[in-house]
Amino acid sequence: MVKAIAGVANTGQDPNFCGYIFAQSNWYAFGRLAWDPTLSAEQIANEWIRQTFIKPKGITPTAYEQNFLIPVKDMMMSSRETAVNYMMPLGFHHIFGGSHYGPGPWENSIRRPDWSPVFYHKADKNGVGFDRTRNGSANVDQYHEPLASQFNSLETCPESLLLWFHHLPWDYKLSSGRELWDEICLHYDKGISQVEEYKKMWAKLKPYVSESIFNEVSEKLDIQKNDAEWWRDACVGYFQTFSNKELPAGVRPLNIPIDSLMNSRVKSNRYGMPYHDENHKPIIIKHL
């Protein structure tokens, strides 16, 4: 039985508080779960979309559902895993930069090593991942059974959590038959491709929304695509310095050399939010 629910809201100064129409769905989901914690994410998404967007005149309800409501819901339902793919797949965690927004897997704090990305991914020439098993830190035993034993075993640990619980060699074979290094690269590449598909999908939805909403979402998707490439260049480029392996076939080449990224920072405001240029790319500047 759920007896309480709590959340953190970063309310801004925008007229809609969230700064972005789709960000409002998070607040809506929190409120709905507070009233009914049995609701699924899909049910909440259905409600939110129907209450947020208005069916244009001259379009039948069936056509509106097939051509707009379902595609928008598909984008929302897959958006979390898309972000995981291009940011921290396979159990990577806490590999963002100091602002908590962009990538920084190379960052290392002397004052608080346990706040540093290098503390969490433990990359070296032999492999990557944090060994939290009973042969490592034994933090796996903070979980109740049967989860503790499930996560402790390589045979039963979900691959989505693999590098959170295990330090594995770069050539470790996953269920796909591919080596860990190849799988890491493919996840980052897939994340970019997924955002590109969102951009194509949203372009088809222009007749169903106002010009202001269409332009707002289009701009956000441009930023997301460029940020996804930034994350991929930083993380794959950095981990490649340890794996010394080539990018697998089918993966697009990196845009920015890792040495350049490691010796630079993103231009940001006082809250750590990065600035983007006229092409919606993050503004990367050299360290002083």
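Predicted model: local features only at pLDDT ≥ 70, side-chain atom pairs only at ≥ 80, totals over all residues.

Q: Which residues touch the most other members of the largest nonpolar core?

A: A nonpolar core is a set of buried nonpolar residues joined through their side chains. Here the largest such core has 38 residues. Phe-92, Ile-95, Val-128, Leu-163, Leu-180, Ile-184 and Phe-239 touch the most other members. At least two residues of this core come from each of α3 (61-87), α6 (162-165), α7 (180-204), α8 (211-243) and α9 (258-262). The top contributor is α8, with eight residues.

Q: What does Val-128 touch, not counting residues up to four places away in sequence?

A: Val-128 touches Phe-92, Leu-163, Leu-180, Ile-184 and Phe-239, among others. Its contacts also include His-121, Lys-122, Ala-123, His-166, His-167, Leu-168 and Trp-170. Another core lies apart from the largest one. That other core has 22 residues, including Met-75, Met-76, Tyr-198 and Phe-214.

Q: How many aromatic pairs are there, and what describes a pair of rings?

A: Two values describe a pair of aromatic rings: the distance of the centres and the angle of the planes. The count here is 22 aromatic pairs. Take Tyr-64 and Tyr-208. Their ring centres are 6.3 Å apart and their planes are at 40°, so this pair is tilted. Tyr-64 belongs to helix α3 and Tyr-208 to the loop between α7 and α8, so the pair ties together parts 144 residues apart in sequence.

Q: Are Tyr-64 and Tyr-208 buried or exposed?

A: The cut-off for buried is under 20% relative accessible area. Tyr-64 has 6%, so Tyr-64 is buried. Tyr-208 has 14%, so Tyr-208 is buried too.

Q: Is the pair of Phe-151 and Phe-165 stacked or tilted?

A: Planes under 30 degrees apart count as stacked. The planes of Phe-151 and Phe-165 are at 20°, with ring centres 4.7 Å apart, so the pair is stacked. Phe-151 sits in helix α5 (residues 147-152) and Phe-165 in helix α6, so this pair ties together parts 14 residues apart in sequence. Both Phe-151 and Phe-165 are buried.

Q: Which residues form one aromatic cluster?

A: Tyr-20, Phe-22, Trp-48, Phe-53, Tyr-64, Phe-68, Trp-202, Tyr-208 and Phe-214 do. Look at Phe-214, in helix α8. Phe-214 counts as buried, at 10% relative accessibility. Leaving aside neighbours within four places in sequence, Phe-214 is in contact with Trp-202, Ala-203, Lys-206 and Val-209. The C-alpha atoms of Phe-214 and Ala-203 are 8.3 Å apart, and the two residues are eleven apart along the chain.

Q: Which charged ends sit over the rings of Phe-130 and Tyr-275?

A: Over Phe-130 sits the charged end of Arg-132, 3.8 Å from the ring centre. Over Tyr-275 sits the charged end of Lys-267, 5.8 Å from the ring centre.

Q: How do α3 and α8 cross, and which residues make the contact?

A: Read the axes, then the side chains. The axes of α3 and α8 come within 9 Å and cross at roughly 30°. Angles under 35 degrees count as roughly parallel, so α3 is roughly parallel to α8. From α3, the contact uses Met-75, Tyr-86 and Met-87. From α8, it uses Leu-221, Gln-224, Ala-228, Trp-231, Arg-232 and Cys-235.

Q: Where do His-94 and Asn-244 lie?

A: His-94 is in the loop between α3 and α4 (117-121). His-94 is not a glycine, yet its phi is positive, about 60°. At 14% relative accessibility, His-94 counts as buried. Asn-244 is in the loop between α8 and α9. Asn-244 also has a positive phi, near 55°. At 65% relative accessibility, Asn-244 counts as exposed.

Technical notes
Residues numbered from 1 in each chain as written. Heavy atoms only, no water. Core = buried A, V, L, I, M, F, W, Y, C linked by side-chain atoms within 4.5 Å. Buried < 20%, exposed > 50% of the residue type's maximum accessible area, 1.4 Å probe, protein only. Helix = DSSP H or I, 4+ residues; strand = E, 2+ residues; numbered from the N terminus. Contact = heavy atoms within 4.5 Å. Phe/Tyr/Trp six-rings, centres within 6.5 Å; stacked < 30°, edge-to-face > 60°. Lys NZ or Arg CZ within 6 Å of the ring centre and 35° of its normal. Axes fitted to C-alpha atoms, helices over the stretch in contact; angles between N-to-C directions. Parallel < 35°, antiparallel > 145°, perpendicular 65-115°, else oblique.
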